[in-house]
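Hi everyone, thanks for making time today.

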Amino acid sequence: MTTVTIQPTGISADDVLAVARGSATIVLDPATIDAMATSRAIVDGIESSGRPVYGVSTGFGALANTFIAPERRAELQHALIRSHAAGVGAPMPREVVRAMMLLRVRSLALGRSGVRPLVAEALIDLLNHDITPWVPEHGSLGASGDLAPLAHCALVLLGEGWVLGPAGERQDAADALTAAGLKPIELAAKEGLALINGTDGMLGMLLLAIHDAAHLFAMADVTAALAIEAMLGSERPFLPELHAIRPHPGQTASAANIHRLLQDSRVMDSHRDDLAHAVQDAYSMRCAPQVAGAARDTLDFVRTVAGRELVSVVDNPVVLPDGRVESTGNFHGAPLGFAADFLAIAAAEVGAIAERRVDRLLDVTRSRELPAFLSPDAGVNSGLMIAQYTAAGIVAENRRLAAPASVDSLPTSGMQEDHVSMGWAAAKKLRTVLDNLTSLLAVELLAGVRGLQLRAPLEPSPAGRAAVAALGPAAGEPGPDVFLAPVMEAARAVVAGPELRAAIEREVGPLG
């Protein structure tokens with residue numbers, strides 16, 4: 001079993017994936033325990049001095065000027081968690097909640113939040129015992145951080161609220177703690193606020209999306225190459241010297257992938273020197289690397305933003321090593337919201353251009369002698385006609401989802417929080433865009449495979465052969481119409497999984 005150790009410098013994106021999507025065990029490096037104890041001693045000193053400090057001896061938000069008597073400060077922290085656990089809607093997926101909890105531990109362990117080590121250890125106990133809080137999908141505005149989602153997590157530490165049951169059902173948190181042999185904790189001054197004042201939900205979703213997008217953008221090159229091959233397109237637009245003169249890194253990598261994927265193909269050989277073919281292919285074929293490459297460059301930018309956030313202290317107020325406790329705005333999710341929106345735009349366009357290639361493959365006037373809708377007996381049979389309808393509907397949805405959430409803001413908390421990031425919404429819809437992109441690439445994979453089958457007896461490229469082998473058991477050979485939904489689900493699984501890419505890379509080498 002993998003072990004993730006939370007270091008004084010934080011954790012890596014791979015650590016987050018190992019915990020969110022796996023069952024890695026989490027432990028704290030002893031140095032993080034020392035750092036938390038040191039910052040807690042500063043908070044305890046403030047407590048005893050009687051100085052007014054936001055979140056320690058005052059209320060929150062618009063109530064920041066309300067002094068809280070010492071004997072009620074623990075009560076204040078508990079009340080904060082209960083009142084802020086105000087989300088509604090369906091529960092967030094297990095992987096998102098686990099990523100969010102781990103990232104909150106990471107921030108607390110940096111020793112700038114003034115919490116006792118036992119608070120971080122209590123969150124780790126939930127993760128290590130596979131207890132996942134029930135976190136409703138609606139509630140966060142992305143500033144002050146992901147307050148409501150994190151409050152639903154923190155509430156479970158108090159033995160209150162809900163958790164996800166084995167089948168996704170809602171269970172009482174108290175029962176789950178008892179079954180795991182865990183006990184609720186009591187919060188001290190500042191600790192409730194430190195548990196919820198972070199960008200951890202946004203960042204967790206963004207890190208998961210980065211991993212998924214990297215795979216899908218590589219698969220987009222694969223499905224594009226299959227479609228181009230099936231349509232008797234040219235490989236010449238992907239020559240390296242043509243991309244060296246416009247040196248965008250993502251474009252160069254995507255073009256190199258497509259060019260390599262089109263080699264050793266009898267289908268391509270059949271028309272390489274045929275002057276009867278078009279001098280220039282359509283944009284959706286010829287410009288595939290320019291679009292997918294720009295998406296890759298966008299992903300690199302988003303990865304940089306997420307990397308910075310992974311080493312950031314995101315809390316308010318923060319405890320500085322010299323003893324000062326200062327209010328910050330570091331909980332504001334604008335950097336993550338902008339990044340999520342930008343990546344959603346890029347992913348939507350990768351899907352949109354894939355749908356255009358599908359449409360060409362199905363159109364008898366543009367597919368270069370393939371049968372209408374890729375059916376050998378079009379008329380009685382509709383072939384992949386409605387698969388393209390599905391793709392068109394998904395493209396339309398992605399265009400709606402690509403409208404940025406981060407340009408929206410609604411003031412809250414009596415105008416104290418008068419500009420919010422909507423970063424949670426941006427990250428959440430990004431995940432939907434990527435799921436939709438999986439479906440769009442699945443339709444292109446199916447159309448490309450069917451097109452290559454119809455080019456028989458010409459043998460396709462190694463990538464084409466691998467794709468036919470991967471999808472063939474579900475898709476079968478071209479022939480009468482079949483119940484298509486299971487075939488499309490199988491194509492989604494092939495696109496989302498690692499097997500097809502691995503099989504292709506065994507033949508042509510690693511894809512960039």
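Let me start with one tryptophan, Trp134, which counts as buried at 11% relative accessibility. For that word, buried means under 20% relative accessible area, exposed means over 50%, and partly exposed is in between, using a 1.4 Å probe and protein chains only.

A quick word on where this comes from: it is a predicted model, in which local features need pLDDT of at least 70 and side-chain atom pairs count only at pLDDT 80 or more, while totals for chains, interfaces and linings use all residues. Residues are numbered from 1 along each chain as its sequence is written, and side-chain values use heavy atoms, with hydrogens and water left out.

Now the overall picture. The protein has 20 helices and eight strands; these are DSSP runs numbered from the N terminus, with helices (H or I) of at least four residues and strands (E) of at least two. Its C-alpha trace spans about 90 × 50 × 45 Å along the principal axes. Of the 512 residues, 56% are buried.

How many aromatic pairs does the structure hold? There are two. Rings of Phe, Tyr and Trp (for Trp, its six-membered ring) pair if their centres lie within 6.5 Å; planes under 30 degrees apart are stacked, over 60 edge-to-face, and the rest tilted. Trp134 pairs with Trp162: the ring centres are 6.5 Å apart and the planes stand at 85°, so this pair is edge-to-face. The two partners come from distant parts of the chain, 28 residues apart, with Trp134 in the loop between helix H5 (117-128) and strand E4 (136-138), and Trp162 in strand E5 (residues 162-164). Trp162 is partly exposed, at 35% relative accessible area.

There is also an arginine here. The charged end of Arg170 sits over the ring of Trp162, 3.6 Å from its centre, and it also sits over the ring of Trp134, 5.2 Å from the centre of that ring. To count as sitting over a ring, NZ of Lys or CZ of Arg has to be within 6 Å of the ring centre and within 35 degrees of the ring normal.

On to the other aromatic pair. Phe301 and Phe342 are tilted, at 5.9 Å centre to centre with 55° between the planes. Phe301 belongs to helix H14 (residues 288-310) and Phe342 to helix H15 (residues 334-362), so the pair ties together parts that are 41 residues apart in sequence. Phe301 is partly exposed at 40%, and Phe342 is partly exposed at 39%.

Together with Ile345, they make a nonpolar surface patch of about 260 Å². Ile345 lies in helix H15 and is partly exposed, at 37% relative accessibility. Patches are made of residues with over 30% relative accessible area and no salt bridge, where like charges are joined within 9 Å and nonpolar side chains (Val, Leu, Ile, Met, Phe, Trp, Tyr) within 5 Å. The accessible areas come from the Shrake-Rupley method with a 1.4 Å probe, and for residues only the protein chains shown count as cover.

Next, helix H9 (residues 200-230). Its 31 residues reach 44 Å from first C-alpha to last, close to the 45 Å expected at 1.5 Å a residue; the expected span is 1.5 Å times one less than the number of residues. Is H9 mostly covered or mostly open? Mostly covered, with 28 of its 31 residues buried. Just after H9, Leu232 takes a positive phi of about 55°.

Finally, salt bridges, meaning a side-chain nitrogen of Lys or Arg within 4 Å of a carboxyl oxygen of Asp or Glu. The structure holds 31 of them. One joins Asp200 and Arg104, at 2.6 Å from N to O. Asp200 is in helix H9 and Arg104 in helix H4, 96 residues apart, and both are buried. Another joins Glu95 and Arg431, with the closest N and O atoms 3.0 Å apart. Here Glu95 sits in helix H4 (residues 94-109) and Arg431 in helix H17 (residues 423-454), 336 residues apart. Glu95 is buried, at 19%.

And one network to find on your own screens: Glu355, Arg356, Asp359, Asp363 and Arg366 are linked by salt bridges.
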